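Please find below a colleague's note on the model shown here.

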Amino acid sequence: MNAPWSAGMPGNRDPFAAYICDDTALDILRPVVIEMGWQPEKCNKGGLRNAVQSLSVSASPNILMVDLSESGDPLNDINALAEVCEPGTVVIAVGQVNDVRLYRDLLASGIHDYLLKPLSAGQLRDSLTQAQAVFAQPKANDADTVRRHISTAVVGTRGGVGSSTLATSLAWHFSDDMKMPTALLDLDVHFGTGALSLDLEPGRGLTDAIDNPSRIDGLFIERAMIRANDNLAILSAEAPINSPLMTDGTAFLQLEEEFRQAFEMTVIDMPRNMLINFPNLLADVNVVVLGADMTLASARDTIRILSWLKTNAPHAQPLIVANKVQSGIAEISKTDFEASIERKIDITVPYDAKAAANAAKLGQVFVDANPASKATSAIKQLADRVVGASVEESEVDAAAKKSLLGSFDIKSLLKKKSKEPKESVAAE
């Protein structure tokens, strides 16, 4: 309900609607509504249940007032209202229960305000004015308020190269050390380890999103994501193995869009098969971290994925990470690996089995459990490269947005044009 929305109010939505149980409250509300410049006919008789039935077949207003007086379970009924309300609707609840806990729970669920009966004109006027002020605030995509968002996908060239460890460690470092509000999205719906490595229960957020993409908005993100620390929230799943992934990818794209509004950094732990099934997931990804190991199979698949990225996501900057590197016992040397993929390895992370076991025992991500490890130092260097690569991309984008005329030498074009008739005469 009170979720991020696009700048500007939709033209097909009413500015206000109310569903009130009793005539006394309606008689007090209608003059205030007229004073606000709205239609008094939008003040309907009936409570929250009527609101849900009406809004299930019509567009939500910008400001909605609902009466909870006849509701036996207000919080559950508000959740039902959230399912039919469009993102951006500011909801004001009215009720008879004078309970601080209920008031706090309603505000936590996304309600803008809770008014206690009997209503007064001044009370209504103040609440509606404050609700109007929400629309006057700078929107999330205003040019002068928008913050640079960085989206990073971590992909393993082979199973077991440690890409999930890289993803969770990067997300933790961005959130805990760099203090960047960060979202971690684990797209291995059946066997993901994102929540497990953070010692958290994954919940049903991701599976609910896949089943009901239309419900994804700012409020859904707040409820579905699990907090790992003050700046890190994770969306993961442990879907039943007998439940195949039935989605066209719409839910994942919608989640990425909401993350751009709510966080500064998105880290996506992306299994290789997702590149094949949902290539558009990389449409807004800035950096792709390719986790590899020093094997022939990994070198082959690094080549294939780099070629795929060049065709399907040319805007995304790839960073090659050689993970779990053990000097002296690699299947192929670093020199041969780089010669095969025809580019340098960006970051080399040494193998540290003891540190990995320590992180698992403590229920912490690798970089948090082993701050002094050489592998942790390498992962922090990778984080700096990710942020740096995104800054470089933004500078390139800014240069590309300069005036089209500014990229041409007008004088040289005019000179060339003036010479063409003489050249044609000479040719004759």
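**Surroundings of Asn323**

1. Asn323 touches Val161, Gly162, Leu166, Ala292, Asp293 and Val349, leaving aside residues up to four places away in sequence; contact means heavy atoms within 4.5 Å. The model is predicted: local features need pLDDT of at least 70 and side-chain atom pairs count only at pLDDT 80 or more, whereas totals for chains, interfaces and linings use all residues. Residues are numbered from 1 along each chain as its sequence is written, and side-chain values use heavy atoms, with hydrogens and water left out.

2. Asn323 belongs to strand S12 (residues 317-325). Helices (H or I, at least four residues) and strands (E, at least two) are DSSP runs, numbered from the N terminus. With a relative accessible area of 7%, Asn323 is buried; buried means under 20% relative accessible area, exposed over 50%, and partly exposed in between (1.4 Å probe, protein chains only). A polar atom of the Asn323 side chain lies 2.8 Å from the backbone oxygen of Val161, and a polar atom of that side chain lies 3.5 Å from the backbone oxygen of Gly162.

3. For the protein as a whole, the secondary structure comprises 17 helices and 13 strands. Of its 428 residues, 46% count as buried. Among contacts with a separation of 6 or more, 77% are between residues 24 or more positions apart.

4. Helix H2 (residues 48-55) and helix H3 (residues 74-84) have axes that come within 9 Å and cross at roughly 20°. H2 is therefore roughly parallel to H3, a term for angles under 35 degrees. Axes are lines fitted to C-alpha atoms, for helices over the stretch in contact, and angles run from 0 to 180 degrees between N-to-C directions. The contact is made by Leu48, Ala51, Val52 and Leu55 of H2 and by Asp77, Ile78, Ala80, Leu81 and Val84 of H3. The crossing of H2 and H3 is left-handed; this means that the near helix is turned anticlockwise from the far one by less than a right angle, while clockwise is right-handed.

5. Helix H12 (residues 296-312) packs against helix H13 (residues 334-341) at an angle of about 30°, their axes being 9 Å apart. These two helices, H12 and H13, are therefore roughly parallel to each other, and their crossing is right-handed. On the H12 side, Ser298, Ala299, Thr302, Ile303 and Leu306 meet Phe337, Ser340 and Ile341 of H13.

6. Trp308 also lies in H12 and is partly exposed, at a relative accessible area of 22%. Beyond residues up to four places away in sequence, Trp308 touches Leu275, Pro279, Leu282 and Ala313. Leu275 and Trp308 are 33 residues apart in sequence, with a C-alpha to C-alpha distance of 8.9 Å.

7. The peptide bond from Lys117 to Pro118 is cis, with omega near 0°, and Pro118 lies in the loop between strand S5 (113-116) and helix H5 (121-136). Lys179, in the loop between helix H6 (163-177) and strand S7 (182-186), has a positive phi of about 60° although it is not a glycine. At 55% relative accessibility, Lys179 counts as exposed.

8. Glu342, likewise not a glycine, has a positive phi near 60°. Glu342 is found in the loop between H13 and strand S13 (347-350) and counts as exposed, at 73% relative accessibility.

Definitions and conventions:
Polar contact = N/O pair within 3.5 Å; in protein donor to acceptor, adjacent residues only side chain to side chain. Parallel < 35°, antiparallel > 145°, perpendicular 65-115°, else oblique.
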